[in-house]
Amino acid sequence: MRASPLRAALQDKQFSPAYFFFGEDDFRKEEGLRQLLDAAVDPATRDFNLDQRRGADVDAETLGSLLAMPPMMAERRVIVIRDVSSLRKDARASLEAYLRAPAPDVLVALTAAADAKADKTLSGLTVAVDCEPLTGAQLPKWIVARAEKHLGTTISPTAVELLQDAVGADLSQLAIELDKLASYCSGRMIDENAVAEIVGVRRDETPGRLLDAVAVRDSTLALSLLPGVLQQPKTGAVPLVMALTTQTLALAIGLTRQVPVARLSGEYFSLLRSGSSNWTGRAWGEAVSSWARASGKWSAADLDHALAVLLQTDLSLKNSRVSSDEQILATAILSMCGGVSPRGAS
């Protein structure tokens, strides 16, 4: 999260009058808010000096009273307003007026819903904390930091990769699985075997391994992996199609630009950084390495055909009432890897 002013405040215990947590990742919002409350509120007087409300439940008079109340036997009071965009018009006007001249002994923390529109006014009147979902190399770094700083343990690189493959980018679910893994390992490093045992995923049945097989056009391996991959937590047909589409587009761009093999990895990393919706279905480093290894396996016509297959597959998954997800994906994999004309499942 782009929150260096917040991190500095947590370290130095020097707080701004107001913070505004917004963005699509609710886990990161709640985590940042929890850290702020732990640092800013005296535990001994927490019951007297912490008020938490929802925007829809607060009128202008109540909000004004909360903001005007001084701290009791403490340095500051903290007021939390969740889903601030649901404040009624009069309460919103009261909040904005207060933020333009805040009290020195009150800290206001605001959160916005994941689907809330950008709020430039509040962002300008507060320290804005952008809680967008983690992407690329940020996710494995978060897993390592969570294990080390929050749970007091370590996790191997292969375990990080396998856990991310199995769970995806859902931080709340990753946190749950890490808690279970730390308890299971009892101080030992979390390794690949622990992830396989506790999370229920095997190295040879991950989305990454299936994507690797499709990248090198090994339909036999891909089809053997498909049933197990679809049974993994947080793995479904639609995310797999999204990851296959990203992979196919990357291969097409590398081919079209005639990038030398030695520079392919750098080109693919630049491509991923250029967009916010590049769903790879695994760690960026793993995806880039796989795409680079697939160089020379596809022609331009093959890749055009594969993209047409994926479009048809997406439509079939949304509309089919007869074929199962596994059947639809198996048909797509055979068509992509073998160059067979796509058939729409109905």
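Biologist: How many helices and strands are there in the protein chain?

Modeller: Bear in mind that this is a predicted model. The protein chain runs to 346 residues, and 47% of them count as buried. Its C-alpha atoms fill a box of roughly 70 × 45 × 45 Å along the principal axes. As for the elements, the count is 17 helices and 5 strands.

Biologist: What share of the contacts in the protein chain with a separation of 6 or more comes from residues 24 or more positions apart?

Modeller: Start with the contacts in the chain that have a separation of 6 or more. Then pick out those between residues 24 or more positions apart, and their share is 72%.

Biologist: At what angle do helix α9 and helix α10 pack?

Modeller: Two packed helices are described by the angle between their axes and the distance between the axes. Here α9 covers residues 171–185 and α10 covers residues 192–199, with axes 10 Å apart. Their crossing is right-handed. The angle is about 115°.

Biologist: And the contact of α9 with α10: how many of its residues are nonpolar, polar and charged?

Modeller: On the α9 side you have E177, K180, L181, Y184 and C185. Helix α10 brings A194, V195, E197, I198 and V199. Sort them by type and you get 7 nonpolar, no polar and 3 charged.

Biologist: Is S186 buried or exposed?

Modeller: S186 lies in the loop between α9 and α10. It has a positive phi of about 50° although it isn't a glycine. Over 50% relative accessible area is the cut-off for exposed. S186 is at 60% relative accessibility, so it counts as exposed.

Biologist: Which ring does the charged end of R217 sit over?

Modeller: Look in the loop between α11 (207–215) and α12 (219–230), where R217 is placed. R217 isn't a glycine, yet it has a positive phi of about 65°. Its charged end is 4.4 Å from the centre of a ring, and that ring belongs to W298.

Biologist: What kind of aromatic pair do Y268 and W291 form?

Modeller: A search of the whole structure turns up 3 aromatic pairs. In the pair of Y268 and W291, the rings are 5.4 Å apart centre to centre, with 85° between the planes. Planes over 60 degrees apart count as edge-to-face, so this pair is edge-to-face.

Biologist: Which helices hold Y268 and W291?

Modeller: Both residues are buried. They are 23 residues apart, and the pair links distant parts of the chain. Y268 is in α14 (residues 264–273), and W291 is in α15 (residues 284–293).

Key: Residues are numbered from 1 along each chain as its sequence is written. This is a predicted model: local features need pLDDT of at least 70, side-chain atom pairs count only at pLDDT 80 or more; totals for chains, interfaces and linings use all residues. Side-chain values use heavy atoms; hydrogens and water are left out. Axes are lines fitted to C-alpha atoms, for helices over the stretch in contact, and angles run from 0 to 180 degrees between N-to-C directions. Helices (H or I, at least four residues) and strands (E, at least two) are DSSP runs, numbered from the N terminus. A crossing is left-handed if the near helix is turned anticlockwise from the far one by less than a right angle, and right-handed if clockwise. Contact means heavy atoms within 4.5 Å. Ala, Val, Leu, Ile, Met, Phe, Trp, Tyr, Cys and Pro count as nonpolar, Asp, Glu, Lys and Arg as charged, and the others, Gly among them, as polar. Rings of Phe, Tyr and Trp (its six-membered ring) pair if their centres lie within 6.5 Å; planes under 30 degrees apart count as stacked, over 60 as edge-to-face and the rest as tilted. Buried means under 20% relative accessible area, exposed over 50%, partly exposed in between (1.4 Å probe, protein chains only). A charge sits over a ring if NZ of Lys or CZ of Arg is within 6 Å of the ring centre and within 35 degrees of the ring normal.
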